[in-house]
Structure formats: C-alpha cells, structure tokens
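Look at the protein shown below.

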Amino acid sequence: MTIADSVSTQCGHAPSAAHPLRALLNAPEMTFIMEAHDGMSARIASSAGFSALWASGLSMSTALGLRDSDEATWTQLLDVVAHMSHATDVPILVDGDTGYGNFNTARRFADKARRVGAAGICLEDKQFPKMNSFVGDAHQLADVRDHVGKLRACRDVVGDDLVLVARTEALIVGAGMAEALDRAEAYREAGADALFIHSRRSAVDEIAEFVDKWDGRLPVVIAPTTYAATTPTERFREMGISSVIWANHSMRAALHAVQAACRQIHAKESVTDIGVELAPLSAIFELFDYDELEETERALSL
C-alpha cells in the first residue's frame, strides 16, 4: 500500500483554472518566476517582464538580517509580502516553509497570505523548524499525514482563491525516488495545484527521472539553484516542466553589488571613481512613477 492509499485525502473544493497563477502553472508554455524580497525587487522583476514572482523565504529573511531557519516569524515575512503586492500587479507565490507548525498555523498563514495579496503559497514537507535545503545534512521529513493535513486545512480555508504548491524534500534528504513520488501523489490527492520537486545535485538527472515517472499528474515546479549552470534551460522545456523559479538571484545580485559599493566607498572615503555602477536617482523616480505624483497634484489643483 502506498502512502497516498493509506491517507484519506478527500477535498471539498474544485480549484478554478481562472486564477492567474493557476493559469500560468497550467499553461502550455513554461513560465519563469523571479525571486523578490521587498517592494523594490518586486517592482524591478515585474518591470523586467516576469509574469510571476517568488517571495523567497531565504531572500526575505536575509533582507531582514536573519537566517533561513525560521528565525523570521511568518507575520514578519507576510508584512514583506504585503509591500511586494502593493508594488506590482503580477501574481506572487509565497514560500511558506513548513507552514510554521501544524495544520492550524498553516491554515492561518494561508489565510493571511491571501489577505495581503499573495496569489499562492508553497509548503514543504520538512519538520519545523527547518533549515535551508542547501545547508547541512540533518534535514528530516515531516510525517506525510501531517503534511497532507496541512494542505487539506489550507484548502478548506482559502478554497480556490489561493494556489497551493506542495514541495517535497524527499530527494534533498536522500529518501529516494519512490518516496518522492509517493509523497507527491499524496499531496496531489490532498488538493495541491502543483508539485515542487527539489534537488541539491549539480545535474538534473534525478529531477528528470522524477518528472518522467510523475507523468504529468500535476504541473511540476523546479528551482534549479544548483544545476542551472550545468543544464541548458531548453532541457527543462523538453522535460515538460511547468515553471522555473529563479529562487534567490535578485538577493544575491543585490548582496554582491552592495558589498562592492560599501567596501569601495569605505576604502576611498568618497563616492567618486569607486568602480561600482550606481543607479542615478532618476532611475528610482522612474521605477516608482514619481511623475504620477506631480501629474495628480497638478490635476487636483485645477
């Protein structure tokens, strides 16, 4: 008997395909989802043409000066998401880590995420508190029944208003392909809209094997943080991947640029000829549409 067979997973909602993020996940063309971690990075990513954003737990925690090991509370992170949702009109998929406890915290998180403007949440099946998937080897999977319960509880609260992406860490912890597929099926039956399969290998081999055996039962989402450099992106299309998340690249770009600027300015005691390209103030004014303030003020004064 499989895990999916042993868990009662009847769900009372039939998610609507009209939801903008659900439509992207089910579209025939592969979607690229860009990481954002605050209002500015959300606005930049959407201005660059990305049709959806990933509110990364790692990146938001980093921007708050905290580590990606549940040091930031879910209310702190959703405050950031609220700023992101005000800064852009594109759908935001929020990294919900493990759901921050049990089914009750997970459904409260889902409800609040919906209220602050998120289009979807992603819940992973590790134990709470969690560590970033690329740090250490002590990761432990949650009981599959507990994760199924979280997904069902979230669906009961948000209905089809919020996309639910179920993330399995079975390959991350070395539990094997059969376990990953078994858990994925249980999460599909629990009402997930898409399946996020994660890997820390430098090649795409185990992801490709999973997708082949999964056989399109739900859209598959990946974050090729460790294997993007060794795999042509076209390979993901050939595999039938639904969405590719560039999961932390805005934050990493910002970290590198700010570090370089701070070091040079400190060393030279000047902001002239520091060897770092600084955005002009006009770029900020354009990005945030300062002209609208002037135009509206002028119109109101007539």
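R114 has a relative accessibility of 26%, so R114 counts as partly exposed. This value, like the others here, comes from a predicted model. The side chain of R114 meets that of D161 in a salt bridge, with 3.4 Å from N to O. R114 is part of helix 6, residues 103-115, while D161 sits in the loop between helix 7 and strand 5 (163-168), so the pair ties together parts that are 47 residues apart in sequence. What about the accessibility of D161? At 44% relative accessibility, D161 counts as partly exposed. The cut-offs explain both labels: partly exposed covers the range between buried, which is under 20%, and exposed, which is over 50%.

How many salt bridges does a search of the whole structure find? The search gives 23 salt bridges. Another one of them joins D68 and K130, whose closest N and O atoms are 3.5 Å apart. D68 lies in the loop between helix 4 (57-63) and helix 5 (74-87), and K130 lies in the loop between strand 4 (120-124) and helix 7 (144-158), so this pair ties together parts that are 62 residues apart in sequence. Are D68 and K130 buried or exposed? Both of these residues are buried.

K130 also forms a salt bridge with E124, and here the closest N and O atoms are 3.7 Å apart. E124 has a relative accessible area of 1%, so E124 is buried. For K130 the relative accessibility is 5%, and K130 therefore counts as buried. Through salt bridges that share partners, D68, D97, E124, K126, K130, R167 and E169 are joined into one network.

Next come the surface patches. Which residues form the negative surface patch? The patch is formed by E286, D289, D291, E292, E294, E295 and E297. Helix 13, residues 290-301, supplies the largest share of this negative patch, with 5 residues. E295 is located in helix 13. The relative accessibility of E295 is 47%, so E295 counts as partly exposed.

A nonpolar surface patch of about 750 Å² is made by M40, I44, L281, I284, F285, F288, Y290 and L293. Helix 3 (39-47), helix 12 (281-287) and helix 13 are the elements that give two or more residues to this nonpolar patch. Which element gives the largest share of the nonpolar patch? That element is helix 12, with 3 residues. I284 lies in helix 12. With a relative accessible area of 35%, I284 is partly exposed. A residue needs over 30% relative accessible area to belong to a patch, and I284 has 35%.

The cysteines are the last topic. A disulfide is a covalent bond between the sulfur atoms of two cysteines. How many disulfides are counted in this model? The count comes to 0 disulfides. To be counted, a pair of cysteine sulfur atoms has to be within 2.5 Å. C122 has a relative accessible area of 1%, so C122 is buried.

Notes
Residues numbered from 1 in each chain as written. Predicted model: local features only at pLDDT ≥ 70, side-chain atom pairs only at ≥ 80, totals over all residues. Heavy atoms only, no water. Patch = residues over 30% accessible without salt bridge, like charges linked within 9 Å, V, L, I, M, F, W, Y side chains within 5 Å. Areas by Shrake-Rupley, 256 points an atom, 1.4 Å probe, with all protein chains shown as cover. Salt bridge = Lys/Arg side-chain N within 4 Å of Asp/Glu carboxyl O. Lys, Arg positive; Asp, Glu negative; His and termini not counted. Charge placed at Lys NZ, Arg CZ, Asp CG, Glu CD. Helix = DSSP H or I, 4+ residues; strand = E, 2+ residues; numbered from the N terminus. Buried < 20%, exposed > 50% of the residue type's maximum accessible area, 1.4 Å probe, protein only.
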